[in-house]
Amino acid sequence: MINQAEFTKIVQENQYLNQENKALKEHCSELETQVKWLMEQLKINNKKTYGSKSEQSEYIYEQLSLLHNEAELYSDVEAKEEVKVASHTRKKKEATLDKLPENIKTVVVEHTLPEEEKVCPNCNEQLEVIGKEVKKTLKIKPAEVIIQEDVYYTYACKNCEKNGIETPIVKTPQEKPVIKGSFASPEAVAHIMTQKFVMYSPLYRQEQDLKRQGVELTRQTMSNWILKASQLWLEPIYEKLRELLIKEEVIHADETTLQVLKTKEKPTPKKAYMWLYRTSGCSEKNIVLYDYKPNRKIENAENFLEGFNGYIHADGYQGYHKLGDNFTVVGCWAHCRRKFAEALEMISKDERANSTAGIALDYCNQLYAIEKEIADKSYEEILKVRQEKSKPILDAFLCWAEKQSIAFKSKLGGAFTYLKNNEKYLRRYLEDGRLEIDNNRAERSIKPFVMGRKNFLFANTESGAQGSAVMYSIIETAKENSLDPYRYLTYIFKKAPNLKNGENINMLLPWNAPESCKSKSE
């Protein structure tokens, strides 16, 4: 028999052990959640590094082949694959890769026999042409570098000089240069800009390439040329485009990081930002504008878009939700769908079909399927179909999502949190047929800068970063309006310094450019 004191002590020890056991279980549960979260992050990082960058992966093998195995991929393209069907065997058609373009200038070179060989070997009579064989080839020449020497003559009247009359002097008028006091030509500056901002070739690579051709042109000189030309002739066009952009009723916005080595802020921030603003699909004139800022404060967007009043498509960055009453934010379903697609990647393939992430992704895909059906409809018809078909699906999705109980610290939990926090903005595309289901239009437009950043990595100064923003803006706006960037920039650098009385900057805008600036690929 144990006494009361011993019994009490045993009860207290049991209570302590139970509490300790409970605490250990809770700690174990927390550790399991952390391990699950870390495994998800590992899978996501592996997918970002080695896998497809979108939720559609049907063509990933072909894309990888194009990047790493192009020649081998198409080396046997002429071989015809036989396809057997029920009644007969037929040859599978292959895409024709070796086809001459139709819009390229053709130079005819005639090959004839020498005169002494145009004699019949039998009767010594003159041979006559009875036919010809035409063989076409495609010739590609590297960029040609030449020095153009312009000679401007001065004239005077010899008769007046002979008769002692004041002799008038007449000079041949000269075109103003793109940069005063420089030997830069419009073509040279346009070429350097195009190579850097369209072909993503940094100035040091261009310097090396020119040196191999025997041309000593330093990257410092090239940098000075493009920044000065941008400041003189592109910035006024950039400001005019901004004035037109803020008059739109629907726009898109996005931002991405940029490292700038020398800034006014001390210490220098690790991350600066390149902001992007552009017109939507309902606009008659396409405008794409970049704007460098040292931070991600939403005041940057408010200041740039001062005077704007309408809808702005954006991603889930909460800063956009703090914009003034003149901004009506439209959410991005592509971001939402992508989060559920990433959560689905964390599940084994056998369990995906009936999983919570799979059901959520299916709801998103239904909304996108409707958008695909109504892509060519009028804005009135689009709005009507969305109200009749999309709204019930969206309502059902949100009602179903509300009932789900998901661990917050998980990829799936993050997707549901995004859906819940952005519900108001994700619904907004149902309000107007001009609105789009996502912000992919802005993401596509910011991609050229992201690709360029992989090559030049950083900007040296803030003025250089903003200069790049202006040049990217003019070039991407030109591309959006079916212009060839090189020819359009050359046109600006020739025309802008020599605008006559009555002419203004409006004639330099992309949609007013001459036919010679049009891209031949359109």
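Visitor: Is cysteine 399 buried, partly exposed or exposed?

Guide: This is a predicted model, and the relative accessibility of cysteine 399 in it is 45%. Buried means under 20% and exposed means over 50%, with partly exposed in between. Cysteine 399 therefore counts as partly exposed.

Visitor: How many disulfides does the structure hold?

Guide: A disulfide requires a pair of cysteine sulfur atoms within 2.5 Å. For cysteine 123, the nearest cysteine sulfur is that of cysteine 120, at 3.7 Å, and cysteine 123 is in no disulfide. For the structure, the number of disulfides is zero.

Visitor: Is glutamine 206 buried or exposed?

Guide: Glutamine 206 lies in helix α6, which covers residues 203-212. Setting aside residues up to four places away in sequence, glutamine 206 touches Ile192, Gln195, Lys196, Ser201 and Met222. Its relative accessible area is 6%, and the limit for buried is under 20%. Glutamine 206 is therefore buried.

Visitor: Are α7 and α16 roughly parallel or roughly perpendicular to each other?

Guide: Two packed helices are described by the angle and the distance between their axes. The axes of α7 (residues 219-245) and α16 (residues 485-495) come within 10 Å and cross at roughly 100°. Angles of 65 to 115 degrees count as roughly perpendicular. The relation of α7 and α16 is therefore roughly perpendicular.

Visitor: How many residues of the contact of α7 with α16 are nonpolar?

Guide: Helix α7 contributes Ala229, Trp233, Leu234 and Ile237, while α16 contributes Tyr488, Leu489, Ile492 and Phe493. In this contact of α7 with α16, no residue is polar and none is charged, and the number of nonpolar residues is eight.

Key: Residues numbered from 1 in each chain as written. Predicted model: local features only at pLDDT ≥ 70, side-chain atom pairs only at ≥ 80, totals over all residues. Heavy atoms only, no water. Axes fitted to C-alpha atoms, helices over the stretch in contact; angles between N-to-C directions. Helix = DSSP H or I, 4+ residues; strand = E, 2+ residues; numbered from the N terminus. Parallel < 35°, antiparallel > 145°, perpendicular 65-115°, else oblique. Contact = heavy atoms within 4.5 Å. Nonpolar A, V, L, I, M, F, W, Y, C, P; charged D, E, K, R; others polar. Buried < 20%, exposed > 50% of the residue type's maximum accessible area, 1.4 Å probe, protein only.
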